[in-house]
Amino acid sequence: MPDIGAQLWLLGPEIVLAVFAFGVILLDLVIKEKSVLAYLSIAAALFIMFTMFGRQGTAFGGMFLADGYGLFFNFIFLTSLCLSILVSLKYLPVERINFGEYYGLMLFATIGMMVMASAGDLIMVYLGLELMSLSVYVLAGFMRQSTRSNEAALKYFMLGAFASAFLLLGISFTYGLTGTTQISGVAQYIKDNGLAGNPVLAFTTILYVAAFGFKIAAVPFHMWAPDVYEGAPTPVTAFMSVGPKAAGFAVIGRVLTVALGPVSSEWTGLLIVLSILSMAVGNILAISQTNIKRMLAYSSIAHAGYALLGVIAGGPEGLASMMNYLLIYTFMNIGAFTVVTLLRTEGVKGEDLSDYEGLSKNHPLLSALMLLFMFSLTGIPPTAGFMGKFYLFVAAINAGYLWLTVIAVIMSAISAYFYLRVVMYMYMKEPGTVIPVQRSTAGRVALMFTGIAVLLIGVQPTGFIQMARSALAGFGI
Amino acid sequence: MNEILFGYLSFAILALSIAAITRKNPVHAVLLMIVMFFHLATMYLALGAEFLAAVQIMVYAGAIMVLFLFVVLVLNIREEEKGERFASGWPLGISLAAGLLILILIITDKVLTGRQGQFTQAVILQETHTKAIGKLLYTQYVFPFEVASLILLVAIVGAIVLAKKRLG
Amino acid sequence: MNFLEIIFRPASFDVIVQLAIMVLKVVVVVGVIMLHVTYATYFERKSIGHMQVRLGPMRTGPHGLLQPIADFVKLFFKEDIIPAAADKPIFYMAPVISIFAGMSSLAVIPFFNGFVIANINIGLLFVLAMSSLGAYGIVMAGWSSNSKYSFLGGLRSSAQVISYEIALGLSLVGVMMMAGSLNMTEIVKAQLAYPTGMFLFPQILGFFVFMVAAFAETNRTPFDLPEAESELVAGYFVEYSGMRFALFYVAEYIGMIVMSLIAITCFLGGWDGPFQIPYVPFAWVFIKLYILIFLFYWIRATVPRFRYDHLMSFGWKILIPLALFNVVLTGLLKTLNVI
């Protein structure tokens with residue numbers, strides 16, 4: 001047994017976050033002003049973000065892998081955690097759900113994601129996934145008085161339970177076939193014993209793709225997404241559309257490309273189908289939506305399709321472009337949801353597309369930022385979204401998927417219709433009633449931060465993609 | 001002899017599960033489920049997993065199903081029995097399940113067993129099942145064990161938040 | 001020896017002898033315990049009677065010694081009434097399950113060195129598993145009778161039993177840690193090897209929690225809310241009469257005896273005592289059993305009933321934390337080699 005202290009040091013980020021999560025839940029009993037808990041959570045996340053890098057190694061006999069890949073994803077999770085909490089600060093009192101447990105659950109969900117991204121064992125993948133999902137189920141149903149929120153939580157829970165069952169079935173088949181649950185061990189066993197082409201392994205692959213497909217909301221496993229995104233509290237939707245999705249991709253990277261790497265031909269085909277369907281269904285159904293949260297839900301389905309291109313392309317380049325895209329998606333999607341959240345005030349829901357009519361007249365800066373996020377989600381230069389897609393498409397073309405890239409580009413063009421419709425509503429329509437905006441400093445900070453990030457990555461894109469590439473050094477593909 | 005026992009247990013487990021989901025009276029469904037858990041526990045016993053068998057009874061039959069029963073008891077059984085047994089989408093569900101079953105049947109003869117671990121039946125009998133599991137849980141699997149404890153904590157907090165919180 | 005292994009080995013003379021011995025053991029244990037149940041009722045009425053300066057049963061036989069038999073004959077010949085709206089199969093099964101849950105635990109209790117029906121490795125877990133089934137008899141009886149009183153009694157009882165089961169299980173963890181085994185015989189042997197001869201002293205906290213939880217598990221005063229007669233008539237078995245009522249009645253006493261036997265095995269040194277009693281190896285178990293049973297009656301005569309919310313908060317906020325503290329304390333003391 002190696003030095004326990006060194007192993008715990010590798011686990012540092014998770015442990016610190018867990019301690020803070022306990023602290024938040026306990027302090028909730030004595031602290032009346034809940035924003036203190038929010039700032040405490042943000043402080044924890046920032047502290048970890050600045051101190052986590054440089055950890056390298058495996059702990060607990062390969063259960064936990066501290067590597068660049070995991071840390072990069074941790075960065076995504078912590079960023080989305082900070083931003084979502086900032087957005088929640090003024091939103092929770094408006095919805096009358098200003099409880100301290102909210103922040104505790106957010107932290108626990110983040111721990112789950114971090115465990116998933118650093119998992120070196122299929123058991124850890126499952127446990128991390130459950131920790132994340134369970135927290136997010138509760139967060140989705142946090143508005144107890146709202147039937148929509150209840151519906152969202154219940155739907156998410158039911159379908160999530162199905163996904164977990166698939167995952168467990170897949171893991172048990174893998175264990176039966178190889179006699180190990182260690183991710184690198186599975187790959188080694190498949191290679192050594194020539195299991196490629198075994199129908200049981202192919203079946204296992206289907207189960208994994210189905211389970212992870214649920215988590216990243218890829219078609220045909222997307223049915224829950226629109227209702228859940230619409231019903232959940234908006235900051236939770238923002239969090240959910242980014243964190244768990246990125247965590248799902250992190251696990252796909254570990255399980256499919258590493259554990260099932262030797263049989264990549266078996267799952268690539270499945271992922272291609274998933275990707276095309278996601279892009280098509282997501283983008284086309286988004287057109288008919290009038291509720292902006294539903295629209296963003298379909299858009300999130302479509303973006304899962306784009307990001308899958310990186311996994312399909314495979315190799316360090318493909319994975320790096322996928323990671324880079326998820327980071328960019330974090331900024332632009334949470335930015336867009338921040339705007340949606342800010343429109344929710346006492347007595348005004350602000351979720352309908354018509355609420356955006358003539359928004360630029362009353363709130364020019366807010367509208368300008370929304371315009372930026374919509375451009376970025378469409379993939380129009382010089383925004384980050386464009387650069388993200390650019391790297392994805394280049395990776396896919398280099399891997400020989402030119403036709404797939406063409407489909408993706410066409411779908412992006414379709415998506416312009418509904419993204420730019422929001423812009424059109426804001427700038428080219430006369431305002432009906434004046435829609436008030438939350439006076440939330442924290443929300444503005446989040447907005448400013450995401451806006452700057454989207455612009456900065458758009459004009460100076462090399463930083464993060466380099467980071468993603470170097471994170472993949474020693475990943476084992 | 002072992003084959004006969006296994007055959008009986010698998011048949012009983014399947015029959016009881018089907019019976020449980022087709023009952024209109026939810027109390028009967030829960031009770032059938034408990035009987036099913038007993039068969040499952042016997043299966044574990046026959047496989048030499050005595051700790052698992054005891055925990056199966058304690059946790060599932062003794063705790064979880066009592067809570068289920070507790071909830072089901074306060075339902076209005078007469079109303080429940082009037083409604084349709086299955087949601088309208090059940091043909092789709094059953095065909096998906098049948099598809100999955102067919103896939104599994106196709107692959108069953110291709111299943112290979114991977115390398116064996118250090119815990120053979122003899123080792124477990126000698127060390128006792130409880131000790132073997134305990135040692136593994138607190139050494140090799142201590143990290144998953146701790147994460148599982150976090151999951152339970154989240155479940156508790158979540159249940160309280162969803163059920164008990166007064167509106168702000 | 002694994003029970004299933006014995007059954008499923010190719011039959012030989014050896015096996016048949018073993019089976020015969022086992023059956024004989026079962027008959028002896030069940031017979032002795034049933035006799036004890038019969039006279040436990042008499043003992044209860046007498047001792048509580050004297051505590052309240054009454055005489056208790058006096059008419060049937062000398063000092064009322066034949067009273068339990070008269071009661072039994074009466075119950076046996078009484079009409080078996082089943083409510084018209086009852087859910088019959090469940091109504092029939094409920095008392096049987098109650099008895100079964102209590103009786104089956106007897107299988108792993110060692111009465112003296114070497115005498116135990118099934119010497120299994122998971123004895124203690126088996127006991128906990130079986131006692132957790134006791135709730136079903138009560139819940140099913142309460143629900144299937146289709147009566148408000150029995151239903152409320154059943155609900156109260158299931159909530160109570162579930163809550164106190166946790167404390168009961170946790171209170172035994174300290175014993176498991178000290179004995180390093182779940183086998184009941186091994187637990188007694190570990191106590192004999194221990195300086196005090198029993199785990200009562202290092203595990204005094206565990207013993208306290210166990211006994212309180214045992215009172216609640218068996219629905220005895222001061223935790224007899226499921227059958228609070230002023231509120232719920234007789235609680236979950238209001239609608240039962242005749243033999244079926246007798247089964248519930250017997251189940252309650254078996255529960256008491258089983259809980260006492262577990263306490264004796266886990267905390268009080270099992271079959272061993274301060275001095276050897278020749279020719280009766282099981283004497284100490286029974287002496288300890290009578291003392292504990294008397295404790296049940298004594299407390300019934302002394303303490304008033306809890307209020308329901310007090311009962312719940314006592315279980316969750318005091319007993320369970322205490323039991324957890326006991327686990328931590330035991331672990332700490334064991335690491336420091338103090339115990």
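## The contact between chains C and B

In this predicted model, chain C meets chain B through 17 residues of its own, which are in contact with 20 residues of chain B. On the chain C side, α1 (3-8), α5 and α6 (148-179) each supply at least two residues, and α5(C) gives the most to this side, with nine residues. The side of chain C that touches chain B divides into 14 nonpolar residues, three polar residues and no charged residues.

## The contact between chains A and B

Two pairs of chains touch, and the most contacts are those between chains A and B. This contact takes 38 residues from chain A and 28 residues from chain B. Several helices of chain A give two or more residues to the side that touches chain B, namely α2 (12-27), α5, α6 (122-140), α7 (147-178) and α9, and α6(A) gives the most, with nine residues.

By residue class, the side of chain A that touches chain B divides into 22 nonpolar, twelve polar and four charged residues, whereas the side of chain C that touches chain B has no charged residues. Chain A and chain C, for their part, do not touch, and their nearest C-alpha atoms are 16 Å apart.

## Overall form of chain A

The secondary structure of chain A comes to 20 helices and two strands, and its C-alpha trace spans about 70 × 55 × 40 Å along the principal axes. The radius of gyration of chain A is 21 Å, which agrees with the value near 23 Å that a compact globule of 477 residues would have.

Buried residues make up 61% of the 477 residues in chain A. If one takes the contacts in chain A between residues at least 6 apart in sequence, 80% of them join residues at least 24 apart.

## Backbone features of chain A

The bond from Val219(A) to Pro220(A) is cis, with omega near 5 degrees, and Pro220(A) is found in the loop between α9 (199-216) and α10 (224-231). The bond from Pro381(A) to Pro382(A) is likewise cis, with omega near 5 degrees, and Pro382(A) lies in the loop between α16 (364-378) and α17 (384-398).

Positive phi values also occur at residues other than glycine. Phe60(A), placed in the loop between β1 (57-59) and β2 (64-66) of chain A, has a positive phi of about 55 degrees although it is not a glycine. Phe60(A) counts as buried because 23 other C-beta atoms lie within 10 Å, and the cut-off for burial is 20 or more. Arg96(A), in the loop between α4 (68-95) and α5 (101-117) of chain A, has a phi near 60 degrees, again a positive value in a residue other than glycine. Arg96(A) has 13 C-beta neighbours inside 10 Å and therefore counts as partly exposed.

## Phe112 of chain C

Phe112(C) is found in the loop between α4 (88-104) and α5 (123-144) of chain C. With 16 other C-beta atoms within 10 Å, Phe112(C) is partly exposed, since a residue counts as buried at 20 or more such neighbours and as exposed at 12 or fewer.

When residues up to four places away in sequence are not counted, Phe112(C) touches Trp271(C), Pro281(C), Phe282(C) and Val285(C).

## Domains and confidence in chain B

Chain B is divided into domain 1 (1-81) and domain 2 (97-168), and the centres of these two domains, taken over C-alpha atoms, are separated by 19 Å. Four residues of domain 1 are in contact with six residues of domain 2, and the domain 1 side of that contact divides into two nonpolar residues, one polar residue and one charged residue.

Chain B averages a pLDDT of 84, and 97% of the residues score at least 70. Within chain B, confidence is lowest in helix α4 (residues 77-82), at a mean of 73, and highest in helix α8 (residues 142-164), at 91.

Definitions and conventions:
Residues numbered from 1 in each chain as written. Chains lettered and ligands numbered in written order. Predicted model: local features only at pLDDT ≥ 70, side-chain atom pairs only at ≥ 80, totals over all residues. Helix = DSSP H or I, 4+ residues; strand = E, 2+ residues; numbered from the N terminus. Contact = placed C-beta atoms within 7 Å. Nonpolar A, V, L, I, M, F, W, Y, C, P; charged D, E, K, R; others polar. Rg over C-alpha atoms; globule rule 2.2 N^0.38 Å. pLDDT = per-residue confidence, 0-100. Domains from an automatic or database assignment.
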